[in-house]
Structure formats: C-alpha cells, structure tokens
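Colleague: Could you take me through this one while I have it open? I would like to ask things as they come up.

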Amino acid sequence: MGDPINSIGNWLESILLGWGLPAGVVSAILALIGVVVLCSLLLVLDIVLVWVERKVVARFQDRLGPNRLGPFGLIQPFADIIKLLIKEDITPAGADKFIYNLPPIIALSTVLLLWAVIPLAPTVLGGDVNVAVLFIVAVGAVGTLGIIMAGWASNNKYALLGAFRTVAQMISYEVPMLIALLIPVLLARSMSLQNIVGAQNVWFIFVVPLAAIIFFISAIAELGRAPFDINEAESEIVAGFHIEYTGMKFGMFYAGELLHAVTVSAVFSSLFLGGWHGPFADQFPVLGVFYLLAKAFILYYVIMWVRYSFPRLRIDQMLGFSWKFLVPLALSLLIVVAILDRILVTSFQVQASTPLYAISMLAANVIIALVTVLGLRSYAKLERKRFPEDRPVAIAPEADFKELIVQE
Amino acid sequence: MVMQIIFLIVAVVTLGSAVMVVTVRNLVHAALWLILSLFGVAVTFALLNAPFFTVVEVVIYIGAISILMIFAIMLTRRTMQETGRSVNPGWWLAAFLSLVLFAGLLWMFSTWDGFSTTLPDLPAGVDQVRELGIALVSPNMYVLPFEVASVLLLAALIGAIVVAWERKS
Amino acid sequence: MIPLSYYLVFAAALFCIGLYGVLARKNAVTILMGIELMLNAVLINVIAFWRYRSPDQITGQAFAVMVFAIAAAEVAVGLALFISIYRRRNTIAADEIDLLKW
C-alpha cells in the first residue's frame, strides 16, 4: 500500500507478460521505463534548481532576485532555457569537431549516471551494485575527463589553462574524498549504498562527524563551486574551460553543475545522514523518497550558503589545502577509526550501531578535531611570528587635513 | 546467445579502438581512442563477473592514467600540428612480428585441452569483494605482495616527483 | 555459452596490437599507450582464467590487483621521465633520443 512505485511496476509487468513477451524482454522494458522516468524527473528538477539558485543567491545578497516573470519569478528558468536554445551555435575555427561536441554530453550524463546507485527508498533503487561507492568515484573521474576534452578541443589557450587547473584541482580533491568515503564503508562493512543506509540506526554524521566534514569539503571542491571555483571565476579566467561553448552546450554544462550539486547532496545524505531513514519509512517506502529528497535539499542549501559566504581560494592555496591538510587528516582519521573499530568489536564485544560504539567513535572524532584545531592555532601563531613587522594601517594623518576639517 | 552478441560487440569496439590507438597520427586522438578501448576492457571485466575490477579499471586507468597521458602529451608538444612520420621505418616488420606472435599464441592455445572450458558457477553466498579484501591482508595469503606493491607505489610517487622536478638554477 | 577460448583469443589480439604499437611508433607516449594495451590484455587473461578455471579461489583476483598497481606505478614514472627528457632535448620521438648510439 505504501509503495506505489513497485506496485505500478508489478502491474505493468503483469500486463506485458500477459501480452506474451518473454520475461527477459519484459524486465528490459521495465528497466528502460524506470530510467526514462527517473531521468525526466531529474531534468525537470534541474529546471527548478535554476530558479532556486537565483532566488537564494539574491536573498543572500540582500536583494530580491527574479520576480517579474510569473509569480515569484517561476517562469524565469523557462526564459533562460529559451534564450539558450535560440542562441547561435558557434564552433571555434580549428576546433576538433567531435571532441568539441562530446564534453557537454559527458558533463550531464555522468551526473545522471550517479542516480543509478542512490537508494531512494528501501525498495526503490536503480541497481544494487555491491561496489557502489567506487562507482561514484569512477563516474566522477569520467566527468574530469570531459573537462579536459573541453579545454583541449576549444583551440584556445585560456580554455586549456582553465582545463588544466580544473583537472588538477579535481584530481587533488579526489584523494581525501576517497579516504573519507572509506570510513562509512568501514562502519557499515559494505560498499553498497543500500547496505550503508541500512546500517545507519545511528546516523553516521553523529558517529564520524569529521569524516562527514572532510567529505563535504572535498565534494564541494569536486563540484567546482566556490570557494573552489578558480576554474570558472568570471573575474579571473573568464569562464575557464567552457569559454568557447555557446547556447545549449553551455546550458548543459551549467545544468550539469547544478544537478551535480544536488546529486552530491543526495550521496552525502545516503552516506552520513541516514538516507531514506525517517519516521514510518519502513512501512511506507514512498516516504523514504521524500525524506531523502528533503535531506538532499537541505544539504544543497548548505552548499549554496557556503558558496555565497566565502571568498575564492587561489589555486596554490587550494592545492596546498588538499594535499597538506586534508589528506593527512583523512588518513589519520581512517587509521584511528579502523583501530578503534577493531578494538571495540573484538576486545569489548561492542557491535556496530550500538550507542556505546557510536559514542566512542564520536569521542575519537572530537579528540582528533581538537588536536587538529590546536595544531592549526600553533601553526598560525608560528606564521605570525615570522612576519613581526608592523603592517601599515590606512588612516589619514590628521595634520595634513587640519585646515580642511570644518569646525562645527 | 545474448551474451555472445554482447561479447562480440565489446570485442569489436575494444580491438577497433586499439587499432586506432596505434595507427592514428594525432596524439590526443590516440589518447581518446585508448580511453574507449579501456572502457571496452572494463565492460569485459563486468562480463566476467568481476564488478570490482570494472570500477577499479575505470577509476585507475580512465580516471588517472589516461588523464596523466593527456597531460604529458600536451606538455611535450613542439608545435600544435604533428609533422613527420608517426611510425618507424621498420613498421612492416613490427606488424609481421605481431601477426606471427598472434598465430603462435593461437596455435599454442589450441593444443591445450583446457581451451574450451565452459563457464563454471561462482561459489554461492561468497562476497567476492570481501574475500579479496581478506586475501590481501591475511598473513597466510597475500599480504606480502600487497605491502610490496604499496612500497612500489610510494617509490614511484616520490620518484616521479623527483624526476620531473624543475630545477631552479 | 562463451567458452574460455573467446576471451583468450581476444586478449591475445589486444596484446599483439599493443606490441605493434610499442615496436612501430616513434612518439614515446604512444609507445607507453601500447604498453598499457598489453597490460590490459594480461589483466583480461588473468581474470578470465580466474573465472573459468578456479572461481572458488581468490588468487586470480589478487594477482590482477598486483598488475593494476604495477601498471599505475610504471606509467607515473615513465611519464615523469618523458617530461624530463623533453625539457632537455626538446623532443620525445624515440629515434631522436640517440646519444648512446655508436
């Protein structure tokens, strides 16, 4: 009763079998219908995201955002899309045609591919791959490939430079993301996302919050959003690797980036926020879909919040932050979690997902975080001592302007 | 029947793009054909019921090694166009040698009685990824090659940085 | 349905194409691409033998993991060497790097 998606699927299957089709063809047709429905819903969601992004950025910047087209500016994304569709489709001279047209397709399709492994409900899942976590990393790596193809095929040295920097950033942040992804895998004893969600009686963000933070930061850097958006910063390198893409091809890059943010939020929710867990999600699986999307959107709001609050990092600061800070922190966290897990399970017979286990892991995470913060403070003090000269302060000396100051 | 058609398509795509890798003139095109053939190899692993190796192939080969090769190609070009011959003068000898080796391998396989083994069933209830993980860290299984491979990767990492370091002189 | 012979012939063909690439091409990065094709052929062979001859033992998969690690290490060092050679000699065509020829 509470699972309309599977009920409709079974009803369709019985109809198709009644028409006399073999069972293999029937399951293939049902899978195809599922793929088409999911992708259509996601692409419609993408249109809504354009509106959400512009309204939220406007409110963060203390203005109203689009409010002329339709009530609350809801028709604005359609106007944007029509504008992109009727733009002239230019291919730069000397560009490699096939390689030039491929990256927009790769940018959007790798994002849609990620939704195949995200568990939407206890019974609604694209495919229960038993290496789903690695699948997510693999698809992210293919997205990186699309960017370098875009940069090279544009026959433009600024596009190539932008592509190099983007790919260097993405590869650098794949390492801490992968290490931080291993920690929920370790806690849940499985790489399948459905098993990780199923193992979260206590949400993993309360068990290993530091891993969640590391994954969150690395994921924002993988997305290429601020404060890590040196690649497409309009004020710096004039749109980076997609500088030569016009019209709907640029639209696909833009839409792919927005949808990627929601996809990464959904992955984070499955890994750390309990996925489809929520009140009554076991009896009514369709509520699980609602909970997952709610958590994904809350996290998407946090990603946008981070975007519009922090200044941009330089490329060397960004790479240094990844290699010199995040990777050692993630590695030491992985070692501590693994050792603690082994000690708790074998010596003290504490099983996973019991409160004692969760509290010990939480204590270990808090200790590591405190040690890191103290280490950073002493490092900062050391850095300040290295530059002991007074920094010039910009105040106007009064003596020069005495005669200009009007005496009341 | 369906499996045979799928295997045929995958084999044709992989071998075709491998031929394009070794014959195409433009280096970046060769790298992209290599990526396509590596995808084909990854799909072959999926056909062989080894899903872990499918995703590991995509992550390592396509996500890291291919990008590294594309970077190296772009950093070591003299001009934007490739001029001159792209093959050695003795290329026909290399082709002949490859064909001889292929024929030799086929003949050697055909004299082996295990050549036409049919597909046995996988042991049921065994999680392959878990077994692989246990095998790689078990003291009476393969922990020693695993650790040696880790040291090898560390040495390659440090060595690559040292070799490609730009001396500021 | 698919006997082992199909995979072995496929891997042998891939290996020979890679061998042609190593022997016949001038540019060093293309030679490295041929080496990668040969390593992938070896991987297909190892996994096919594991699947068809001893699927109950995990040895085949552990062997394949070692081949992956070695391939990655070799590509990293090889490309670093190419970049270093390019800086000094301004070329990476294999027949132009001939200082040791007599």
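**Working through the model**

Modeller: Just after H5(A), A:Asn155 takes a positive phi of about 60 degrees, where helices (H or I, at least four residues) and strands (E, at least two) are DSSP runs numbered from the N terminus. This is a predicted model, in which local features need pLDDT of at least 70, side-chain atom pairs count only at pLDDT 80 or more, and totals for chains, interfaces and linings use all residues. Residues are numbered from 1 along each chain as its sequence is written, while chains are lettered from A and ligands numbered from 1 in the order in which they are written.

Colleague: What span does H5(A) reach from its first C-alpha to its last?

Modeller: H5(A) covers residues 132-153, which is 22 residues, and reaches 32 Å, close to the 32 Å expected at 1.5 Å a residue; the expected span is 1.5 Å times one less than the number of residues.

Colleague: And how many of the residues of H5(A) are buried?

Modeller: 20 of the 22 are buried, so H5(A) is largely enclosed by the rest of the structure. A residue is buried if 20 or more other C-beta atoms, placed from the backbone, lie within 10 Å of its own, exposed if 12 or fewer, and partly exposed in between. For chain A, 37% of the 408 residues count as buried.

Colleague: How do the axes of H5(A) and H6(A) cross?

Modeller: The axes of H5(A) and H6(A), the latter being residues 157-188, come within 9 Å and cross at roughly 175 degrees. The two helices are therefore roughly antiparallel to each other, a label for angles over 145 degrees, with under 35 counting as roughly parallel, 65 to 115 as roughly perpendicular and the rest as oblique. Axes are lines fitted to C-alpha atoms, for helices over the stretch in contact, and angles run from 0 to 180 degrees between N-to-C directions.

Colleague: Which residues make that contact?

Modeller: Among them are A:Gly140, A:Thr144 and A:Ile147 of H5(A), together with A:Ala163, A:Met170 and A:Glu174 of H6(A); two residues are in contact if their C-beta atoms, placed from the backbone, lie within 7 Å. By class the contact has 15 nonpolar, five polar and one charged residues, with Ala, Val, Leu, Ile, Met, Phe, Trp, Tyr, Cys and Pro counted as nonpolar, Asp, Glu, Lys and Arg as charged, and the others, Gly among them, as polar.

Colleague: Zooming out, how many helices and strands does chain A have?

Modeller: Chain A comes to 13 helices and zero strands, and its C-alpha atoms fill a box of roughly 100 × 65 × 50 Å along the principal axes.

Colleague: Where do its domains divide?

Modeller: Domain 1 of chain A is 1-86 and domain 2 is 89-384, with bounds from an automatic or database domain assignment. Their C-alpha centres lie 23 Å apart, and the contact takes 20 residues from domain 1 and 18 residues from domain 2. On the domain 1 side, the largest share, eleven residues, comes from H2(A).

Colleague: Switching to the other chains, which pair shares the most contacts?

Modeller: Of the two pairs of chains in contact, that is B and C, with 70 residues from chain B and 62 residues from chain C. The chain B side divides into 53 nonpolar, 14 polar and three charged residues.

Colleague: What about chain A with chains B and C?

Modeller: Chains B and A each give 16 residues to their contact, and H3(B) supplies the largest share of the chain B side, twelve residues. No contact joins chain A and chain C, whose closest C-alpha atoms lie 14 Å apart.
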